[in-house]
Amino acid sequence: MNNLGQITAKRGDKNKALERYEQTLDLIRFYEQSLTLNEQIGYVQSTARTLNNFGFLKANRGEIEEALAFFKQSFALNEQIGDVYGQALSLSNLGAMAEEQG
C-alpha cells in the first residue's frame with residue numbers, strides 16, 4: 001500500500017496518497033498487536049501466519065531485508081509445528097523475493 005501511496009502522490013492526488021499511507025500504518029499496528037497477543041497465548045500457527053503477512057507488507061513497501069526476515073521466521077515456526085501449508089506459503093514468498101532480486 002505504501003508503494004501505491006507513492007504512485008498516487010506522483011500522480012498529484014495527495015489526499016489519496018495520505019489515505020494509503022495511513023492504511024499502511026494501521027496494518028502495521030494490527031500485525032504488531034496480533035503478534036503480541038499470539039505470543040502471549042502461545043498460538044504458534046497464528047504467529048507464523050502473522051509474520052508471513054507482515055513480510056508481505058514489508059515486501060510491498062520495498063523493505064526487502066525485513067520482508068525476508070519475517071518470511072524466514074514464519075517458515076521456522078511452521079516447520080517447528082509441522083504446518084506444511086504454512087511452510088509452503090513462506091517458501092513461496094521467499095522464492096518470489098529471490099526472483100525479484102534476480
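At what angle do helix H4 and helix H5 pack, and how far apart are their axes? Helix H4 (residues 64–81) and helix H5 (residues 84–101) pack at about 155°, and their axes are 8 Å apart. Here axes are lines fitted to C-alpha atoms, for helices over the stretch in contact, and angles run from 0 to 180 degrees between N-to-C directions.

## Basis of the model

This is a predicted model, in which local features need pLDDT of at least 70 and side-chain atom pairs count only at pLDDT 80 or more, while totals for chains, interfaces and linings use all residues. Residues are numbered from 1 along each chain as its sequence is written, and side-chain values use heavy atoms, with hydrogens and water left out.

## Overall architecture

The protein chain contains 5 helices and 0 strands, and its pattern along the sequence is α-α-α-α-α. Helices (H or I, at least four residues) and strands (E, at least two) are DSSP runs, numbered from the N terminus.

Of the 102 residues in the protein chain, 35% count as buried. Buried means under 20% relative accessible area, exposed means over 50%, and partly exposed lies in between (1.4 Å probe, protein chains only). Among contacts (heavy atoms within 4.5 Å) between residues at least 6 apart in sequence, 42% join residues at least 24 apart.

## Helices H4 and H5

With angles under 35 degrees counted as roughly parallel, over 145 as roughly antiparallel, 65 to 115 as roughly perpendicular and the rest as oblique, H4 and H5 are therefore roughly antiparallel to each other. H4 passes H5 in a left-handed crossing. A crossing is left-handed if the near helix is turned anticlockwise from the far one by less than a right angle, and right-handed if clockwise.

On the H4 side, the residues making the contact include Ile64, Leu68, Phe71 and Phe75; on the H5 side, they include Leu91, Leu94, Met97 and Gln101. By class, this contact of H4 with H5 has 8 nonpolar, 7 polar and 3 charged residues. In this classification, Ala, Val, Leu, Ile, Met, Phe, Trp, Tyr, Cys and Pro count as nonpolar, Asp, Glu, Lys and Arg as charged, and the others, Gly among them, as polar.

Neighbours within four places in sequence aside, Leu68 is in contact with Leu94, Met97 and Gln101. Leu68 and Asn52 are 16 residues apart in sequence and 9.5 Å apart in space, C-alpha to C-alpha.

## Helices H3 and H4

The axes of H3 and H4 come within 8 Å and cross at roughly 160°. H3 is therefore roughly antiparallel to H4, and the crossing of the two is left-handed. Residues of H3 in the contact include Val44, Ala48, Leu51 and Phe54, while those of H4 include Phe70, Leu77 and Ile81. The contact of H3 with H4 divides into 12 nonpolar, 7 polar and 2 charged residues.

Val44 lies in helix H3 and is partly exposed, with a relative accessible area of 24%. Not counting residues up to four places away in sequence, Val44 touches Leu77 and Ile81. Val44 and Leu77 are 33 residues apart in sequence, and their C-alpha atoms are 6.8 Å apart in space.

## Helices H3 and H5

The axes of H3 and H5 come within 10 Å and cross at roughly 15°, which makes H3 roughly parallel to H5. H3 passes H5 in a left-handed crossing. The contact is made by Arg49, Asn52 and Ala59 of H3 together with Tyr85, Gly86, Leu89, Ser90, Asn93 and Met97 of H5. By class, the contact of H3 with H5 has 4 nonpolar, 4 polar and 1 charged residues.

## Nonpolar cores

In soluble globular proteins, nonpolar side chains tend to be buried together. A nonpolar core is a set of buried Ala, Val, Leu, Ile, Met, Phe, Trp, Tyr and Cys residues joined through side-chain atoms within 4.5 Å. The largest such core has 9 residues: Ile28, Tyr31, Leu35, Ala48, Leu51, Phe54, Leu57, Phe70 and Leu77. Helix H2 (14–41), helix H3 (44–60) and H4 are the elements that give two or more residues to this core, and H3 gives the most, with 4 residues.

Leaving aside its neighbours within four places in sequence, Phe54 is in contact with Ile28, Tyr31, Glu32, Leu35 and Phe70. A second, separate core of 6 residues includes Ala59, Ala67, Phe71 and Leu94.
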